[in-house]
Number of protein chains: 2
Amino acid sequence: MEGLESSSVILTGDRPTGPLHLGHFVGSLQNRVRLQHQCQQYIMIADMQALTDYFDRPKHVVQNVAEVVKDYIAVGIDPEKTTIFIQSQIPELCELTMLLLNLVTTARLQRYPTIKNEIQLRAFGESIPAGFLCYPVSQAADITLFRATHVPAGEDQAPMIEQTNELVRRFHYTYQTDCLREVELLLSKTPRLIGIDGNAKASKSLGNAIFLSDSEKVVHDKVFSMYTDPEHIRASDPGKVEGNVVFAYLDAFYPDPEEVESWKASYRKGGLGDMVLKTRLNDTLQALLKPIREKRATIQQAEALEIACAGSQKMRSIAQATMEEVRQAVGIVYR
Amino acid sequence: MEGLESSSVILTGDRPTGPLHLGHFVGSLQNRVRLQHQCQQYIMIADMQALTDYFDRPKHVVQNVAEVVKDYIAVGIDPEKTTIFIQSQIPELCELTMLLLNLVTTARLQRYPTIKNEIQLRAFGESIPAGFLCYPVSQAADITLFRATHVPAGEDQAPMIEQTNELVRRFHYTYQTDCLREVELLLSKTPRLIGIDGNAKASKSLGNAIFLSDSEKVVHDKVFSMYTDPEHIRASDPGKVEGNVVFAYLDAFYPDPEEVESWKASYRKGGLGDMVLKTRLNDTLQALLKPIREKRATIQQAEALEIACAGSQKMRSIAQATMEEVRQAVGIVYR
């Protein structure tokens, strides 16, 4: 990928609020499997961040940590190449967050575009948990503590990168140091996968996603329940391709894009039935998911947690080294 | 003191933003010297809290840590009885703070009486550092992490105790645990010592305080520059006792209150000069401060820091034990 060198350090991750789905697969997982061969890659399971809005459902967060690790391994992320770790197991993140919180005003935090969107999305109203307001700062700590050089994300995450670098520069200026690193967005161009119901986003919370861990039958049923074109009643009727979920998934997963284009033409004209297309998509997804499901079934809960705990231990050494420099820079070293 | 048992645990402390002065002596230090014989007492030097508003003057905070330790030892706080420690050396405080931040809304934080007052006092305007807004939560972590049962403070700190207990109850309810402890205010009835300029409060930042580390000459000069009654020109004139700094200090430090009352009567009637009173006060303060100054001079910087670092190590074990329970309660334990 452009802009990456072998010395680059990638930080990425997921909130463990549910198992991963095909949206993650096309949006980030495939990319991570490629990137792990190019440079150092760290994947953080952001349980502390998930707790900023799932604070009253901690079990849900905690139980999904192992599920997410299983998903990673199942798609081909190799713990020998990529370090998978758990955010809460790195207490140095909290220390750095607290120091960075002094360098940003609450007014600025409230204007952060990421926060504004998320607050609307979660309908907190006046009841924004303080931890949630602070999470962009926590995110800046996540990135900088491990000296990441690149964060892979979509264009919509550009403000998050800018906020992080703003804090890094503020820290450097205030404490006359250069111990942290500015970070770059590693732009991912994959379009967002829509939900099986036609909703703009496939997401755990909307329940409109095909999970990597779904059984063959569940995948089949989800494919055959997909939203297509409600006015396309008979196979002979002309149909709409735009907003048609089956085509969106064929675009994302069918290996031959030209064939998909020819199907689109027939569908528009009339003469190609939904059932035929859904069968093709089902075959495609089953072929993709079968080896993932099989690999996933071989990973025990304990093994998954062991991988993440070993990764956390490794990341903690890096965290401690950075925090040592951070504390020196601030001056809070007394012996 | 009422309400204390030998099993009680007191947490108290100071922000290391300057050496301690006579206001601290009457307001808290004397009390601490007494309390250390009654139960377990922890004194925290709150460098992290000081950094929430002194973030751009970290040297000032860091350099004052040893000064404050010297002041403690000089007035008779015994490190064998009282554990003196440094907030920044207990990273578990940051972890607990982050978890507690999820349990309070920003709207509630902004309504905290302590925060409202302090924001006005510091004239932050719209530029309230996020760390500053979060500090009541950080304070709740300071108190609860060490399982303190009592915090000695004036009535004005009652809301801080209430905020802390509110968070403890919220944590217990949310995570179905009782691993933290609610805390009680140990009401200190000492009136606040006014400044030598007549300002309502003797404070480091106003430069109107007599420091425990002031030389004999500085103490003398401060006493003789004290604000009295500007209309009391000649000794024979009747003078005002109210708002008269010399009488406020005699009330606080002269060992015989009845004698002070008789001087007040003479002063009101006329016939008692400021110089006579100031000489008496100077003698009183010099007698009080001489042994403190001498003791203080025997303590090296390195020794002071060693005491605080040893104390921090001891407090860290307590912190780790509590955090272990806190993490268990939230569920973020993966091995």
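Chain A splits into two domains: domain 1 (9-193 + 300-330) and domain 2 (216-296), with bounds that come from an automatic or database domain assignment. Keep in mind that this is a predicted model, where local features need pLDDT of at least 70, side-chain atom pairs count only at pLDDT 80 or more, and totals for chains, interfaces and linings use all residues. Residues are numbered from 1 along each chain as its sequence is written, and chains are lettered from A and ligands numbered from 1 in the order in which they are written.

The centres of the two domains of chain A, taken over C-alpha atoms, sit 35 Å apart. Where they touch, domain 1 of chain A puts in six residues and domain 2 of chain A four; being in contact here takes C-beta atoms, placed from the backbone, that lie within 7 Å. Helix α3 (residues 58-75) of chain A gives the largest share of the domain 1 side, four residues. That side has five nonpolar residues, no polar ones and one charged, counting Ala, Val, Leu, Ile, Met, Phe, Trp, Tyr, Cys and Pro as nonpolar, Asp, Glu, Lys and Arg as charged, and the others, Gly among them, as polar.

Now for chain A as a whole. Its secondary structure comes to 14 helices and five strands, which are DSSP runs numbered from the N terminus (helices H or I, at least four residues; strands E, at least two). The C-alpha trace of chain A spans about 80 × 45 × 40 Å along its principal axes. Of the 335 residues in chain A, 47% are buried, meaning that 20 or more other C-beta atoms, placed from the backbone, lie within 10 Å of a residue's own.

What about the inside? The largest nonpolar core has 203 residues, and those with the most contacts inside it are V69, L100 and A308 of chain A and V69, L100 and A308 of chain B. Such a core is a set of buried Ala, Val, Leu, Ile, Met, Phe, Trp, Tyr and Cys residues joined through C-beta atoms within 7 Å. Beyond its neighbours within four places in sequence, V69(A) is in contact with I84(A), A304(A), I307(A) and A308(A).

Finally, the two chains meet: 46 residues of chain B are in contact with 45 residues of chain A. On the chain B side, the largest share, six residues, comes from α4(B). By class, that side of chain B has 28 nonpolar, eleven polar and seven charged residues.

Terms used. A residue is buried if 20 or more other C-beta atoms lie within 10 Å of its own, exposed if 12 or fewer, and partly exposed in between; C-beta atoms are placed from the backbone.
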